[in-house]
Amino acid sequence: MLSEVNVESIGGGPGDAAHTSWLELSAGALRHNVEVFRVLEGRDGTSPPLGVVLKGNAYGHGLAQVLPLVHGLVDILYFIAPQDALKVREHERAQGLSPRQVVVLGAVAPHEAVVLAREGVEVVVPDRGWEDAVPVLRAAKLERPLRVHVHIDTGLGREGFTLEQIPRETQFLVDARDVLEVVGALSHFANTEDVTEQGYALAQVDAFETGLRLLEGQLGQGRLQRHIAASAATLVLPRARYEAQRVGISLYGLWPSAETRLSARLVLGEVPVLKPVLSWRCRSQVVKWLPADSYVGYGCTYRTSEPTRIAVLPVGYYDGYPRLASGKAHVLVNGRRCAVLGRVMMNHLIVDVTRATHDERPVTATLMGRDGDESVSAEALAGWAQTLHYEIVARLGTHLRRVVVE
Ligand SMILES: *Cc1c(COP(=O)(O)O)cnc(C)c1O
């Protein structure tokens, strides 16, 4: 018992630095971002159901923290992994909440499909491989069929039936009605973020509608729930706002891209304000002076030109701080930019705090987020690391402590 308490008090878990660096999640920013999407009108002028994507540990923000914040604010929750989707049902049971529509977008094994059917979680059928699940679902003697959405590949070249494959390859869905109930159809855009010209996306919308007509004809049933728009299309392509949206990155207050932001000005008349939900902060481990001409970090890639006060931060690429940002990034201390000196290490980062603090007492650094008048965006960190902000947040260590703030 005593040892458990001690482990807990120093952070617990597998993290090397779980107690020294932490993520702050702004509940207010999250609510604000939901509201930005709530006011967008659907194709028929009404406000369509809002779905949010919580894959990748809620884009690295922390599913355990984000789920309770968004559950009551949105209509649909999308995941990649079945086990994450089941956490919604656990949460609802524990809190006595009514169940939300939950959809697993990713790969599902037949035995997982049985569990999801029993929990009322919906899945996506991306190809004929799902035929293998049919006998398993039949043997499970389900009370109600598994609710499925058919993925139509309209030009991403990833999951889904191509137009050439419908209706030939989708016939098994008609024959498996006793265990698979088709309730929706979806597709995913290939190129809405990197362009301001939406020709390819509109061709995908046309292909989606062709695929839908073929499917609806084959299934001979009522209207399917249609969804194709992720954050970018929801913002800048009104034609893509069908019965549901799948908003991922922008729920967390990040623009899919600079191009999307530009397009939003044109399409919506003004650029909506998205508020980043996440800040990443760290308490220094050591603050000290180094004389002029001292090397800093592995490889001796940085040498001080003058006496320099450094702060050693106990955070590194293990935690998700990209090593490629070495020598380029800065963090914020007391509202001032502090250059990252030398290489980012597995568990350490060294920054120049000469002008940011007056003595050698510990400091709190902001690796991402706002401090005073300055901020470091996920996009900036991604830029230094030659990658995408999506990757920066998704790779934040699951071991990091996450705290919800207002
Ligand atoms: C990740 C994903 C989304 C969300 O995309 P964002 O650009 O983050 O909004 C939507 N749909 C599918 C199928 C996805 O994989």
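Mentor: Happy to! A residue is near a molecule if one of its heavy atoms lies within 4 Å of it. By that rule, 13 residues surround the ligand, and K55, Y59, S231, I249 and Y390 are the closest. A word on the source: this is a predicted model, where local features need pLDDT of at least 70, side-chain atom pairs count only at pLDDT 80 or more, and totals for chains, interfaces and linings use all residues. Residues are numbered from 1 along each chain as its sequence is written, and side-chain values use heavy atoms, with hydrogens and water left out.

Now the shell itself: 6 of its residues are nonpolar, 3 polar and 4 charged (Ala, Val, Leu, Ile, Met, Phe, Trp, Tyr, Cys and Pro count as nonpolar, Asp, Glu, Lys and Arg as charged, and the others, Gly among them, as polar).

Next come the polar contacts, pairs of N or O atoms within 3.5 Å. A side-chain N or O atom of S231 is 2.5 Å from an oxygen atom of the ligand. For K55, a side-chain N or O atom is 2.8 Å from a ligand oxygen. I249 uses its backbone instead, with an N or O atom 2.8 Å from an oxygen atom of the ligand. On its own the ligand has 390 Å² of accessible area (Shrake-Rupley method, 1.4 Å probe), and the protein covers 94% of that.

Technical notes
A polar contact is a pair of N or O atoms within 3.5 Å; within protein, one must be able to donate a hydrogen and the other to accept it, and residues adjacent in sequence count only if both atoms are side-chain atoms.
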